[in-house]
Amino acid sequence: MMKLNQFAALAALTLTAGAAMAQSAQEAAIKKAIEPRLGEGVKIDSVTKTPYGGLYEIRIGSDVFYTDAKGEYLFLGRIVNSKTFEDYTKARVDELSRIKFSELPLDAAMKMVKGNGKRVIAVFEDPNCGYCKRFRQTLNEMDNVTVYTFMYNILSEDSVTKSRNIWCSADRNKAWDDWMIRGKQPEAAAASCTTPHEKVFALGQKLRVTGTPTVFFTDGSRVPGAVDLKTLESKLASIK
């Protein structure tokens, strides 16, 4: 005979499975209701119930927004804890935006080592990006860091030309800093020189890099924009 505690455990397991199936069915129903309203070609990656006020998370790539249980309304904004002011939406987007740093094709990037080089970052930059030039000034003030720079040409056709000339230089890092920090134009590259720019562009699109500079850290997190020195040092210190 089945003992009482075994029966209770089985009943609880059955109820849990039933609730999970019902939840999955509702999430599928919400996706079916909302996806056609988002425009041609837009696909919802997931619908998940949140612990906040009965809302459901709609995820498209690393973009997040919310809906009600019937999928009648969309909430385009952030969910913030009113007591602690913790931004749950930002935390979720940061989680979705994480990458595997070890899988970056570092052979397609320029490598600069300063000091012992123990701290490592990768940055996507466009040679015509003013904020990238500001960030280069910040990196110039740092020590004990290794920087992998992916030349991500998204601002103009001229970006491709400048990046090609720099990549094909005898000293890429010097040519990059000469241009980004000192405004010195790189010499024209030989016609036979090949570059990884198409590979880098495809990588940036895959990683959903939408602006430059974008900095990636070894823990997989990213920070968009020209991070100031204090913020960058603090972030690097937090990575174990």
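Me: What makes Ile 154, Leu 155 and Phe 201 a nonpolar surface patch?

Reply: The model is predicted, so local features need pLDDT of at least 70 and side-chain atom pairs pLDDT 80 or more, while totals for chains, interfaces and linings use all residues. Residues are numbered from 1 along each chain as its sequence is written, and side-chain values use heavy atoms, without hydrogens and water. Ile 154, Leu 155 and Phe 201 make a patch of about 250 Å². A patch takes residues with over 30% relative accessible area and no salt bridge, joining nonpolar side chains (Val, Leu, Ile, Met, Phe, Trp, Tyr) within 5 Å and like charges within 9 Å. A salt bridge would be a Lys or Arg side-chain nitrogen within 4 Å of an Asp or Glu carboxyl oxygen. Areas are Shrake-Rupley values with a 1.4 Å probe; for residues, only the protein chains shown count as cover.

Me: Why is Phe 201 called partly exposed?

Reply: Its relative accessible area is 39%; buried is under 20%, exposed over 50%, and partly exposed in between (1.4 Å probe, protein chains only).

Me: How do you know that Cys 168 and Cys 193 form a disulfide?

Reply: Their sulfurs are 1.8 Å apart, and the cut-off is a pair of cysteine sulfur atoms within 2.5 Å. A search of the whole structure finds 1 disulfide.

Me: What makes this disulfide left-handed?

Reply: The torsion about the S-S bond of Cys 168 and Cys 193 is about -95 degrees, so the disulfide is left-handed.

Me: Why are Cys 129 and Cys 132 called buried?

Reply: Cys 129 has a relative accessible area of 4% and Cys 132 has 0%, so both count as buried.
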